[in-house]
4 protein chains.
Amino acid sequence: MGRIRSTSAEELVNAATKKATELRAAVCVAIVDAGGHLQAFRRMDHAMLGSIDISQKKARTSAYFGLNSEVLGQASQPGGPFYGVENSNGGLITFSGGVPLIDNTGETTGAIGVSGGTSEQDAAIARAGAAAFSA
Amino acid sequence: MGRIRSTSAEELVNAATKKATELRAAVCVAIVDAGGHLQAFRRMDHAMLGSIDISQKKARTSAYFGLNSEVLGQASQPGGPFYGVENSNGGLITFSGGVPLIDNTGETTGAIGVSGGTSEQDAAIARAGAAAFSA
Amino acid sequence: MGRIRSTSAEELVNAATKKATELRAAVCVAIVDAGGHLQAFRRMDHAMLGSIDISQKKARTSAYFGLNSEVLGQASQPGGPFYGVENSNGGLITFSGGVPLIDNTGETTGAIGVSGGTSEQDAAIARAGAAAFSA
Amino acid sequence: MGRIRSTSAEELVNAATKKATELRAAVCVAIVDAGGHLQAFRRMDHAMLGSIDISQKKARTSAYFGLNSEVLGQASQPGGPFYGVENSNGGLITFSGGVPLIDNTGETTGAIGVSGGTSEQDAAIARAGAAAFSA
């Protein structure tokens, strides 16, 4: 299973919160490893309390499935093939803001989860964090 | 983070149950602080058992997001940007009956949650309770 | 299953918090019905956050077993007949502060749970609350 | 209820991990606010997976009771007045490594929790983190 070094996780968090500040969003940022276990977390000032758990669940969702969280959400709508998948794994979050970290062999090494802004902001902030990742 | 005094919380519960009696509804009323922690709770005679947990989850939902619970529910419908958000934070309730308590600096100091009547009754009772709040 | 009227539950809470004030303790007080379901709750100013859950678990423990919570605790010590019983029922608390409410037919009608003071204070406050109960 | 600024939380994490490095320990460090909600978290390289949850529960335990986690543990031993308290509040950890952050008015503003080293190391690392706190 891939690993994220502690210093690398902090760089991802820094890149994400920098982007959030540019977008004037107050978010929570969570980094998990390939096993979905928390590696680093930061709550920005004025972020909603509800975002603490959501950011971590987005990261875990992306790590467990190797997908952007919203991709899973497309399949979990009523009538869809994975309807209700959110009830598994201690609770998944399947809207945007979770992005897997893929290493140069194509393997999922971890994930980043962001919550607190609009759907578009969370996705952009998570992408900015993931872009700082180098396997 | 704001606080609600114990005597103030009781006043909110009294205002809410007074309104419920006027509307001939039997409800549960929960007051939580800014951290979502229970401050006061009352179950009126003949209120449904299922409302005990729902009222508390509505209050917590409003405290965690600083929003009326049903506002979050508008975004959590199938196809919406926060579809399935109810699976986070130990279980959220995103229909009406949760109202945040905003102090005079605009900060969320806590919330009230009401369950047991119709959707409209719960919302009106929660508003009546929140109206008794003075920061 | 016995019932506690809402007004009666408030009287118990008032009697308990009055006693707590006399003892200079800041506590949480929970009243549950015969089924262990929350009827009324009050958190006094300055009570520890950890007491919110403990007071409710003490009340539920007493309602579920018809015993003072510490009586169960005597049997749950290492080597005792009910060792580890605290892991059942969503978590029990088996030290003092939970007292069942017994009606005049000898039936358990509910319970009161108190947390926030010393062991002796919690027990005395719970007894003061229970003494206000008349079936 | 007190608050910890995001930058301040990072300083505490930095002070704690610096101390851990000096002690050649690999730990997880969690900072929570007065309500016990996660503010910042870092897992050092080679820290045990089991420490992720323990560090957070230590921090929450200290925030909920305003005490070093091991103080509660002294009272929760078999035969003690709070035996089994660990079964409350979603799981508490009552051995050393949790330290409350007390502001200059004597109020609990949050807490730090450390796990991964020996009992003495965790305590020393948590104290080093807490020492970086200025209300």
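1. C:Phe95 is buried, with a relative accessible area of 6% (buried is under 20%, exposed over 50%, partly exposed in between, using a 1.4 Å probe and protein chains only).

2. The model is predicted, so local features need pLDDT of at least 70 and side-chain atom pairs pLDDT 80 or more, while totals for chains, interfaces and linings use all residues. Residues are numbered from 1 along each chain, chains are lettered from A and ligands numbered from 1 as written, and side-chain values use heavy atoms, without hydrogens or water.

3. Over all chains there are two aromatic pairs (ring centres of Phe, Tyr or the six-membered ring of Trp within 6.5 Å; stacked under 30 degrees between planes, edge-to-face over 60, tilted for the rest). One of them is the tilted pair of A:Phe95 and B:Phe82, at 5.2 Å centre to centre and 50° between the planes. A:Phe95 is buried at 6% relative accessible area, whereas B:Phe82 is partly exposed at 21%.

4. C:Phe95 and D:Phe82 likewise form a tilted pair, with 5.2 Å between centres and 50° between planes. The two residues lie in the α3 (69-75) to β3 (98-102) loops of chains C and D, so this pair also joins two chains.

5. The charged end of B:Arg60 sits over the ring of B:Tyr64, 5.6 Å from its centre (NZ of Lys or CZ of Arg within 6 Å of the ring centre and within 35 degrees of the ring normal). In chain D, D:Arg60 lies over the face of D:Tyr64, at 5.6 Å from the ring centre.

6. An open, antiparallel sheet of eight strands runs in the order β3(A)-β4(A)-β1(A)-β2(A)-β2(D)-β1(D)-β4(D)-β3(D) (strands pair if DSSP finds at least two bridges between them). Within chain A, β1 (residues 28-33) and β4 (residues 108-115) pair over six bridges, and A:Ala30 has A:Gly113 in β4(A) as its bridge partner.

7. A:Ala124 is in helix α4 (residues 119-131) of chain A and is buried at 17% relative accessibility. Leaving aside residues up to four places away in sequence, A:Ala124 touches A:Lys19 and A:Leu23 (heavy atoms within 4.5 Å).

How values were computed
Helices (H or I, at least four residues) and strands (E, at least two) are DSSP runs, numbered from the N terminus.
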